[in-house]
Each structure stands twice: as structure tokens, then as C-alpha cells.
Amino acid sequence: MKFYDALQLGPEELKAQIARSEPPQKRWWRTALIVRGILIVLFAILFISSLTAIFGSENSSMAVVIFCILLSIRFVDFGYQIGHSLISLAVIFALLLFSPWLMQQVSPFIGFVINFLSLMVIVVLSCEDPRMGNGGLYLFGYVFLTGSLVSQDVLLQRALLTLIGYLICAGILYQKHRSKHSDVPVSAVLEKFDLRTPKSQWQLQLALGVSILFLLNALLHLDRFMWAGFACSSLLSTYPVKIRERFPARIGGVVLGSLAFGALYALLPADLLFLLGPVSGLCLGLCATYRYKTLFNCFGALSLAVTVYGLHGSILLRVCNNILGMVFGSVFFWFFQKLFPAAEPSS
């Protein structure tokens, strides 16, 4: 395998190669893993900071979402012909742009309807094969974008940024996947939606669960509530839903990551604190398990929150909102299974 090809592998595959290789090859695979992590962090900094400089710091969240989609769409398609996939991608980008903004303009219950319909469209169009992870990716983007208030002037800038992001991602989608699934129209995917099947039940469960959680936030007005949304969506977006694995892994990762961040934040000189974000991003790129990915995600999230809520307030919000999201997701999953007993069982 060429070194470039090794860089295209994920940390799970690279660590598996390290585990089964002889010592000389282990060093080669470890080098690939580290170089891959460094390149992703450098590209993220360049890509996101450039778009933020052009379109304003208020639109940095959309820049992050576009970056995440760009990384994924190189490897994961929608499971149907390319022309229809490009249209579906445009619909998804439009929903990511307008639905979080519309939700801020209306009553909580109308916002619930907007969220539910938007999320249903997103998961049906993008999750023909739920195991590929599109559910988690696009829901992360949706939840992330609901966390920032957007004025009309900012929305116009965000619309232009979204259009540019779509053109970039659509070009990659076409280049990488244009010859796949040429005999599968999107209508075939839509016709297969049937609430008697596990996949359709999972799609409904995912959209409905996250929408109800958003409704609770709109009624309760909790701080940094998108963290609860991330936790809930990360639980419900697995296929099948893995309560027993994800619940302790996320809670453990959040608690350890928040405590580690607090310790480093207190010990490091003020002029070195800016390194916490890039270093945690590099470590995140080396992680192959959900627990450690959750742990290092805390560093980036808390680095932003600490300027608003302070160190102790940020850590408390991080832990409590993640527990809230995971508990809600677990309870909702249990009730959903009672309504749809044929759905995929938890594991």
C-alpha cells in the first residue's frame, strides 16, 4: 500500500494494521496515523479560519459543518444515482441553512414541527444505509447550527457560505461517486419507507427523539443545550441503537474529558491555552473508540464555553447537559420500543 492510500484510512483501520504488523511495519503504520491526524488538523484550521475570516465569526458554525460533510462525503454516498444525490444534498444544505433559523422565529410547538419534518427529510434522503454514519453526521450539523442565534444580515452571509459549501461538497460527491448506483433512483428509496421495517422505525425514532428534545429546550431555555442534543443524537443515530455501549462510554468520556480540561486549564500559562484546541484535535484524530473521541471533544467545546460561563460553570454544564441528553435518549428509546416492538433491539 502507498503512503497516500494509508492516509485515506480511518484510525480504526490504521490501529488494526498496527496491531497485526511486525515491528518495522508498525512504525510505518504509526507514522501514517500521526501524519493523517496532523494533516486533518492543519486542513481544519486553514479551511474553517479562511471561511470565518470571509463570512464572519457568526458563521463559523456553518464552516465547521461544511468541513465535516466535506471529509465524510469523499467516502460515503447516499446510496442512489448521482443526479438525484446532488439534488438531495442541495435539499439537505437548504434545511441546514433555514430550519435552525426558522425555529428561532416561531413558537416552540411550530418549531417542533419544523424540526421534525426537517430531520425526517434529512435522515430519509441521506440514510439509505444507516450503518455508514450519515445519520450522526447530518444530525450533528443540524444540532450544532441550532446553537447560534442568527440575524437576518448574518443569514444572508450564511446563505452565500452555504452555497459555496454545497458546490464544494457536490463536486466531491460527483467526482467520487458518480458511477455508483446508476440503476437506483431516489424514488426507490422513498418507496421503501415503511414503518413496519426496522430502518424506517429507526429514522422516525431519530427525528422524533431529537425534535422532542429541542421542544423541551424551547420551553425550558437551558444554557448550552446543544450539548444535550449532541448526546441524544449520538445515542439514537447508531444502528441498531447501542444503549449499553454508548451510555457509559459517553458519560465516562465527558466526565474524564471535562476534568482533564479543567486541570490543564488551571495549570497551563495563559499564553499557552490556545494550544488546547489544536492538540485535542490531533488527539481526536488518533482515537478509534467512542469513549476517547468523546473525551477529546470536551477540549474544543469547553475552550469556547469557558469564556462565557467560566471554568467551573462550563464543566458543570458540559457534564449535566450530556447526562440529560443521554438519559432522555435512553428513556425515549424505551418508550419508542413499546410503541414499535419490531424495531431494532438495543445492544
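R224 is partly exposed, with a relative accessible area of 22%; buried means under 20% relative accessible area, exposed over 50% and partly exposed in between, with a 1.4 Å probe and protein chains only. R224 lies in the loop between α10 (198-220) and α11; helices here are DSSP runs of H or I with at least four residues, numbered from the N terminus. The phi of R224 is positive, about 50°, although R224 is not a glycine. This is a predicted model, in which local features need pLDDT of at least 70 and side-chain atom pairs count only at pLDDT 80 or more, while totals for chains, interfaces and linings use all residues. Residues are numbered from 1 along each chain as its sequence is written, and side-chain values use heavy atoms, with hydrogens and water left out.

H181 is another residue other than glycine with a positive phi, near 55°. H181 sits in the loop between α8 (152-177) and α9 (186-191) and is partly exposed, at a relative accessible area of 32%. In the loop between α11 (226-236) and α12 lies P240, which is joined to Y239 by a cis peptide bond with omega of about -5°. Most residues other than glycine have a negative phi, and most peptide bonds are trans.

## Packing of α2 on α3

Two packed helices are described by the angle between their axes and the distance between the axes. Axes are lines fitted to C-alpha atoms, for helices over the stretch in contact, and angles run from 0 to 180 degrees between N-to-C directions. For α2 and α3 the angle is about 160° and the axes are 8 Å apart. That makes α2 roughly antiparallel to α3, where angles under 35 degrees count as roughly parallel, over 145 as roughly antiparallel, 65 to 115 as roughly perpendicular and the rest as oblique. The crossing of α2 and α3 is left-handed; a crossing has that hand if the near helix is turned anticlockwise from the far one by less than a right angle, and is right-handed if clockwise.

On the α2 side, P11, L14, K15, Q17, I18 and A19 meet K26, W29, R30, A32, L33 and R36 of α3, contact meaning heavy atoms within 4.5 Å. This contact of α2 with α3 has seven nonpolar, one polar and four charged residues. In these classes Ala, Val, Leu, Ile, Met, Phe, Trp, Tyr, Cys and Pro count as nonpolar, Asp, Glu, Lys and Arg as charged, and the others, Gly among them, as polar.

K15 of α2 is partly exposed, with a relative accessible area of 37%. Leaving aside neighbours within four places in sequence, K15 contacts L33, L286, C287 and A288.

Helix α3 (residues 23-55) packs on helix α4 (residues 60-73) at an angle of about 140°, with axes 9 Å apart. That makes α3 oblique to α4. The crossing is right-handed. I40, F43, A44, F47, I48, L51 and T52 of α3 make the contact with S60, A63, V64, I66, F67, L70 and L71 of α4. These residues divide into twelve nonpolar, two polar and no charged.

The axes of α3 and α8 come within 10 Å and cross at roughly 145°, again in a right-handed crossing. From α3 the contact takes F47, L51, I54 and F55, and from α8 Q157, L160, L161, I164 and I168. By class there are eight nonpolar, one polar and no charged residues.

S61 of α4 counts as buried at 7% relative accessibility. Beyond its neighbours within four places in sequence, S61 is in contact with F144, L145, S148 and R158.

W227, in helix α11, is buried at 2% relative accessibility.

In helix α13 (residues 276-286) the buried residues are L276, S280 and G285. Seen down the axis of α13, they fall within an arc of 165°, so they line one face of the helix; the arc is that of the directions from the helix axis to the C-beta atoms. The cover over these buried residues includes α2 (11-20), α3, α12 (243-267) and α14 (290-339).

Technical notes
Helix = DSSP H or I, 4+ residues; strand = E, 2+ residues; numbered from the N terminus.
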